[in-house]
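Me: I'd like to walk through this model with you, one topic at a time. Could you keep the answers specific to what the coordinates show?

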Amino acid sequence: MIHIVTSENRHLYRQEMEQAYRLRHRVFVDEMKWTELAKDDGREIDQFDDEHAVHMLYIDHGVVQGYQRMLPSTRPHLLSHVLPQLCEDERPSGSHIWEWTRYCVEPAYRERGRTLSPVANALLSGIVEWGLDRGISTIIIEMNPLWLLRLVQLHFRTIPLGLPQRIGDQDVLAVTATFDRRTLARLQEMRGNQQRVLAEPEPRIRRFAR
Amino acid sequence: MSRKVFDQTLEFIRNLDRTRDAADICSQMIQAARRFGAEYLLAGTIPVPGENRRQQISNILLDQWPPEWTQRYFAHGYIFRDPAIHAVATSTSPFLWTELEPAYRRSPEARRIMEEAGEFSLRDGFTVPLVTLEGEVAGFSLAGEHLELSPSERGMLTLMATYALGRAILLRETPSRPVASLSPRECEALQWAAEGKSEWEIGERMGISEHGVDKRMRSARLKLGTTSRTHAVAEAIRQGLIS
């Protein structure tokens, strides 16, 4: 199941967020060699992991197997502050647009070959369920153009924000991807059921005011 | 410069929404790529080793390739020895065929395939590797006598190829027209074509002239909304009209 962690409930997910930061470090620093993100303590945390970030964790029996982070486009995010060169036109911004970053899956739970694994499907479905609940319809993505075809096939309506560019040894492209019920239906069809992937919110912890 | 190239890319993507079949998509793509020297295109998923000739052909989604070359290519089983196909399966970035040369220089077989392609006007090519939702490796090739591409134009063709293939897959999944109704004679001609027979051989077997075969193939192609003989065979196999 996908658990959504925000500044409101993160005290309930201390241990899982710890796992998430370590997973990020293993995937992005150790495996993908984004060495500028390396941290001595093995927890990959950057300037965008603030109180506005929304973390999505795929948790199975207490183990974080997949992770992704959503950042509001109305505040500093990667496209605005790290990779502005990927956007030719005016930068997309608004309460209905969020940026999707740090998508990663623990190697053991990845696709065999290159098909969409259950964890990958749940993470994508998580974005769509979360978005449809909140009037969020569009995500900004920076990625290798190789993956664009998959998004098109999943019924994300994608529009490039610029031409692909070489960054390090990778081609990177920025797009906006808009989704709707059809996108969700497609993901459900692929995994063979229509159950929600998002965990029900934890019961609210009563706040004691003085 | 790159601004203009980007605008052209967006316009191409918008226009794709109006295409109704694979033939439409091919002609839009060639029209856009011609100024770089590309006259031909071929796109589809890459067969896994061991697939027979017919399965290999049914993987083709967009076909505007010299037909004589396609015929030769599949008849000789070149696909599993073609350096460009090998690179599609292993590379995450688009490439010009000339960039592969150092890797296959020492393989006489691979060199021969590339040289022969040149004789069919496929001297220079640009290939975009892609991954489908089902996890299949796909490739989109544009080729001609000589290609000239700036870095931003490479990016443009990469995006165009991706969206064109996406459109072709979408159109295949949601057929805008019912399954084509081919006449028994058209099916028969296609069936023989699937076996790799020439027009002349098909004529012999069906007891009609080469011209008669040509006529039936042309009407089958039209009914299937395809651009070539190979593509018609691929589509007919997919629709279950021939086996």
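Me: Which residues touch the most other members of the largest nonpolar core?
Reply: In this predicted model, the largest nonpolar core holds 77 residues, and B:M29, B:L62 and B:F140 are the ones that touch the most other members. Helix α8 of chain B, residues 151–173, gives the most to this core, with 11 residues.

Me: And what does B:F140 touch?
Reply: Leaving aside residues up to four places away in sequence, B:F140 touches B:M29 and B:L62, and its other contacts include B:L41, B:L42, B:A43, B:F126, B:V128 and B:L130. B:T127 is also on the list of contacts, as are B:A161, B:A164 and B:L165.

Me: Switching to the interface, how many residues of chain A are in contact with chain B?
Reply: On the chain A side 29 residues take part, and they are in contact with 32 residues of chain B. The area buried between the two chains is about 2,600 Å², and carbon and sulfur atoms give 62% of that area.

Me: How many salt bridges and polar contacts go with it?
Reply: Between chain A and chain B the count is four salt bridges, and there are nine residue pairs in polar contact, with both residues at pLDDT 80 or more. The elements of chain A that give two or more residues to the side touching chain B are α4 (148–153), β6 (157–160), β8 (170–178) and α5 (181–191). Of these, α4(A) gives the most, with five residues. By type, the residues on that side of chain A divide into 15 nonpolar, six polar and eight charged.

Me: Where do A:E88 and B:R3 sit, the pair that crosses between chains?
Reply: A:E88 is in the loop between α2 (78–81) and β4 of chain A, whereas B:R3 is in helix α1 of chain B, residues 2–16. Their side chains meet in a salt bridge at 3.9 Å, N to O. A:E88 is partly exposed, with a relative accessible area of 29%, and B:R3 also counts as partly exposed, at 30% relative accessibility.

Me: Now away from the interface, how many salt bridges are there over all chains?
Reply: A search of the whole structure finds 30 salt bridges over all chains. One of them joins the side chains of A:R26 and A:E106 at 2.6 Å, N to O. A:R26 lies in helix α1 of chain A, residues 14–31, and A:E106 in the loop between β4 (97–105) and α3 (118–134), so this pair ties together parts that are 80 residues apart in sequence.

Me: Is A:R26 buried or partly exposed?
Reply: A:R26 is partly exposed, because its relative accessible area is 38%, which falls between the 20% and 50% cut-offs.

Me: Which parts of chain B does the pair B:E195 and B:R54 link?
Reply: The pair links distant parts of the chain, with B:E195 in the loop between α9 (184–194) and α10 (199–206) and B:R54 in helix α3, residues 53–58, which puts the two 141 residues apart. Their side chains meet in a salt bridge at 3.3 Å, N to O. B:E195 counts as partly exposed at 36% relative accessibility, and B:R54 is partly exposed with a relative accessible area of 28%.

Me: Which residues do salt bridges that share partners join into one network?
Reply: The network is made of A:R24, A:E44, A:D46, A:D49, A:R69 and A:R102.

Me: What about A:H55, where does it lie?
Reply: A:H55 lies in strand β2 of chain A, residues 54–60, and A:H55 is buried, with a relative accessible area of 1%. A polar contact of 2.6 Å joins the side chains of A:H55 and A:Y67. Beyond residues up to four places away in sequence, A:H55 also touches, among others, A:H3, A:M17, A:Y21, A:D49 and A:R69.

Me: Last one, is B:S228 buried or exposed?
Reply: B:S228 counts as buried, because its relative accessibility is 9%. B:S228 lies in the loop between α11 (210–224) and α12 (229–238) of chain B, and B:S228 touches B:D63 and B:R221, not counting residues up to four places away in sequence.

Conventions. Residues are numbered from 1 along each chain as its sequence is written. Chains are lettered from A and ligands numbered from 1 in the order in which they are written. This is a predicted model: local features need pLDDT of at least 70, side-chain atom pairs count only at pLDDT 80 or more; totals for chains, interfaces and linings use all residues. Side-chain values use heavy atoms; hydrogens and water are left out. Contact means heavy atoms within 4.5 Å. Buried area is the accessible area (1.4 Å probe) that two parts lose on being put together, summed over both. A polar contact is a pair of N or O atoms within 3.5 Å; within protein, one must be able to donate a hydrogen and the other to accept it, and residues adjacent in sequence count only if both atoms are side-chain atoms. Helices (H or I, at least four residues) and strands (E, at least two) are DSSP runs, numbered from the N terminus. Ala, Val, Leu, Ile, Met, Phe, Trp, Tyr, Cys and Pro count as nonpolar, Asp, Glu, Lys and Arg as charged, and the others, Gly among them, as polar. Buried means under 20% relative accessible area, exposed over 50%, partly exposed in between (1.4 Å probe, protein chains only). A nonpolar core is a set of buried Ala, Val, Leu, Ile, Met, Phe, Trp, Tyr and Cys residues joined through side-chain atoms within 4.5 Å.
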